[in-house]
Amino acid sequence: MPETMTALFGGAGPDWTPRQVPVPQPGPGQIVVRAHAVALNNADASMLAAADPTSGGTGKEYRAGFEFAGEVSAVGDGVRTPAVGSRVMGRTPGSFAQYVLADHPHVLPVPDELGHEEACALPTGLLTEHGALTVAGFQAGQSVLITGAGSSIGLIGVQISRALNASRIIATTRSSAKRELLEKAGADTVVIVTDEQDLAQAVLDGTGGEGVALDHVGGQTFAACLPATRTDGTVVNIGRLDQAASTIDLDALSYRHLRVQGVSFGFTRPAELGTVIATARQKLLAAVADGRVRPLIDTTLSFDTAAQAAERLRSHRAHGKIVLTVP
């Protein structure tokens, strides 16, 4: 490995700044991955804005990025797998770099059928959506409601639910243009949400209520999931595409004997994250390999056009993941 590498940093302005920094060395239980592609997440835009000193941000510098895919170039003491040369995808802070340091339980093998550009766009979706279904107690044969299903992570949730044999998948979106995309991903029913429409009633009219609800939207959409969920069902909030605040009807919660759970596996404790990834590996890699679970890629750009990628992310016009190839 070389002594230095290029990495992208936030905290100096509205966009990431490339810098030359030392190539990391693995400690016990760690690996170093030569990244070939990295993927953007919504958190990347919010962190960039929060640290931007030109717009009232903190000015605190940090190495950017979370998702990556590449080849293992070095391993630390105690690491038996993955071996040097293995193709892996994973999630760890500071992944927008030519060489990424990660705990070895935080990566997954990349199936031969998958290129690095697709692989780097999968880890967050796999661990978050499958982890949410797991904490909800999902079992094959249950029905699933997925709000904000047209988002990149929501689409992964639809595909995972289908791969795990959900009996019925109800997907909501605000864009009628995404109906065909969601149906192709595996949704049985697509509900187009408008400001005039009662989401809960639309779901109940069509299905009688869902056993598990995965909410990516937050705000009042989260509140609407409660009366749209069957008695003894579970509602899991994953994202806040709308807003974090929500006013719920406690009658809907109590009379239906619902469980409500919040998850944020991308920022969880390292040991817990390792367990979630290991479970996703066991249950989902076959579905990834045979094409049942695939990310939707919106744009693929080069590492030196990261500013353009950030602007695309901030525009909220992306349909799928934004990927950077790493030189």
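**Close-up views of a predicted model**

**View 1. Three strands make an open sheet, ordered β2-β1-β4, with antiparallel pairing.** Strands here are DSSP runs (E, at least two residues), helices are runs of H or I with at least four residues, and both are numbered from the N terminus. Two strands pair if DSSP finds at least two bridges between them. The edges belong to β2 (17–22) and β4 (62–63); each has a single partner strand, so one side of each is left without a neighbour in the sheet. Strand β1 (residues 4–10) runs antiparallel to β4, and 2 bridges join them. Look for Phe9, whose bridge partner in β4 is Arg63.

A quick note on what you're looking at: this is a predicted model, where local features need pLDDT of at least 70, side-chain atom pairs count only at pLDDT 80 or more, and totals for chains, interfaces and linings use all residues. Residues are numbered from 1 along each chain as its sequence is written, and side-chain values use heavy atoms, with hydrogens and water left out.

**View 2. Strand β5 pairs with β3 and with β6.** Strand β3 (residues 30–39) and strand β5 (residues 67–75) run antiparallel, joined by 8 bridges. Val32 sits opposite Ala74 in β5. The pairing of β5 with strand β6 (residues 87–91) is antiparallel too, over 5 bridges. Here Glu67 has Arg91 in β6 as its bridge partner. The loop between β5 and β6 holds Pro82, and the peptide bond from Thr81 to Pro82 is cis, with omega near 5°.

View 3. With 0% relative accessibility, Ser95 counts as buried (buried means under 20% relative accessible area, exposed over 50%, partly exposed in between, using a 1.4 Å probe and protein chains only). Leaving aside neighbours within four places in sequence, Ser95 is in contact (heavy atoms within 4.5 Å) with Val38, Ala64, Gly65, Phe66, Glu67, Phe68 and Val100.

**View 4. Pro109 lies in strand β8.** Pro109 is partly exposed, at a relative accessible area of 25%. Not counting residues up to four places away in sequence, Pro109 touches Arg87, Val88, Met89, Arg281 and Leu285. His36 is 73 residues away along the chain, and its C-alpha atom and that of Pro109 are separated by 14 Å.

**View 5. Helix α9 (residues 270–289) has a kink of about 50°, centred on Lys283.** The bend at a residue is the angle between axes fitted to the seven residues ending there and the seven starting there. Buried residues of α9 include Leu273, Ile277, Ala280, Leu284 and Val288. Among the elements covering the buried residues of α9 are β6, β8 (107–109), α3 (123–135) and α4 (152–163). Just after α9, Gly291 takes a positive phi of about 90°.

**View 6. The axes of α3 and α9 cross at roughly 100° and come within 9 Å.** Axes are lines fitted to C-alpha atoms, for helices over the stretch in contact, and angles run from 0 to 180 degrees between N-to-C directions. On the α3 side, the contact is made by Leu126, Leu127, His130 and Gly131, while the α9 residues include Leu273, Val276, Ile277 and Lys283. The residues of the contact of α3 with α9 split into 8 nonpolar, 3 polar and 1 charged. In this scheme Ala, Val, Leu, Ile, Met, Phe, Trp, Tyr, Cys and Pro are nonpolar, Asp, Glu, Lys and Arg are charged, and the others, Gly among them, are polar.

**View 7. Helix α1 (residues 42–51) packs against helix α10 (residues 306–315) at an angle of about 105°, with their axes 9 Å apart.** That makes α1 roughly perpendicular to α10. Asn42, Asp44, Ala45 and Leu48 in α1 meet Ala310, Leu313 and Arg314 in α10. The residues of the contact of α1 with α10 comprise 4 nonpolar, 1 polar and 2 charged. Ala310 and Leu313 are among the buried residues of α10. Cover for the buried residues of α10 includes β1, α1, β15 (297–302) and β16 (321–325). After α10 comes His316, with a positive phi near 60°.

**View 8. His257 lies in the loop between α8 (250–255) and β14 (259–262).** His257 is exposed, with a relative accessible area of 54%. Its phi is near 55°, a positive value in a residue other than glycine.

Notes: Parallel < 35°, antiparallel > 145°, perpendicular 65-115°, else oblique.
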